[in-house]
Amino acid sequence: MLIKGSQGIDNTYKSIGLWMPLIVTKGSHPIVLDLSKLETTYQVDFAFMPEFSNVNATSGTMNITLVNSERIEGTFNFSATKNGTAVEVTEGSFSVKALR
């Protein structure tokens, strides 16, 4: 499952994609970078243009606080490095309508 938020265009474009298993469970889940296990792990990709394009988080946590037939909600934080520059996102949150 992918939850994606974005805004802006061209050099102001910013996006964060939260990848999680199809069966989402409440609790704290480590964010890992393992593209061979997209269906079973919690992962993040992002772009903060113009500096960062198509970057994958290498560590962090996704905390799922609500899962029901109506909504999925949670918080997240993550870290990544691209071309020697570190990026850290803290206090991220999401609340989306569940597709069941």
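1. The structure is a predicted model.

2. **Secondary structure.** The protein has eight strands and zero helices. Along the sequence the pattern reads β-β-β-β-β-β-β-β.

3. **Overall dimensions.** The radius of gyration is 13 Å. A compact globule of 100 residues would have a value near 13 Å, so the protein agrees with that expectation. Along the principal axes, the C-alpha atoms fill a box of roughly 40 × 25 × 25 Å.

4. **Burial and surface.** Of the 100 residues, 33% are buried. The protein exposes about 6200 Å². Carbon and sulfur atoms supply 52% of that area.

5. **Contacts across the sequence.** Take the contacts between residues at least 6 apart in sequence. Of these, 45% join residues at least 24 apart.

6. **Charge.** The protein carries 8 positive and 9 negative charges. Their mean positions are 6 Å apart.

7. **H29: position and burial.** H29 sits in strand β3. Is H29 buried or exposed? Its relative accessible area is 12%. The cut-off for buried is under 20%, so H29 counts as buried.

8. The side chain of H29 reaches the backbone oxygen of T25 at 2.8 Å. A polar atom of the H29 side chain also lies 3.5 Å from the backbone oxygen of G27.

9. **H29: neighbours from elsewhere in the sequence.** Leaving aside residues up to four places away, H29 touches Y42, G60, T61, M62 and I64.

10. **T41: position and burial.** T41 lies in the loop between β3 (27–30) and β4 (43–48). T41 is a loop residue, yet it is buried. The relative accessible area of T41 is 14%, and the same cut-off of under 20% applies.

11. **T41: polar partner.** Which side chain does the side chain of T41 meet in a polar contact? The partner is the side chain of Q43, at 2.7 Å.

12. **T41: neighbours from elsewhere in the sequence.** Residues up to four places away are again left out. T41 then touches W19, M20, P21, V32 and D34.

13. **The two sites together.** H29 is in strand β3, and T41 is in the loop between β3 and β4. H29 is buried, and T41 is buried too.

Key:
Residues are numbered from 1 along each chain as its sequence is written. This is a predicted model: local features need pLDDT of at least 70, side-chain atom pairs count only at pLDDT 80 or more; totals for chains, interfaces and linings use all residues. Side-chain values use heavy atoms; hydrogens and water are left out. Helices (H or I, at least four residues) and strands (E, at least two) are DSSP runs, numbered from the N terminus. The radius of gyration is taken over C-alpha atoms; the globule rule is 2.2 Å times the number of residues to the power 0.38. Buried means under 20% relative accessible area, exposed over 50%, partly exposed in between (1.4 Å probe, protein chains only). Contact means heavy atoms within 4.5 Å. Accessible areas come from the Shrake-Rupley method with a 1.4 Å probe; for residues, only the protein chains shown count as cover. Lys and Arg count as positive and Asp and Glu as negative; His and the chain ends are not counted. The place of a charge is taken as NZ of Lys, CZ of Arg, CG of Asp or CD of Glu. A polar contact is a pair of N or O atoms within 3.5 Å; within protein, one must be able to donate a hydrogen and the other to accept it, and residues adjacent in sequence count only if both atoms are side-chain atoms.
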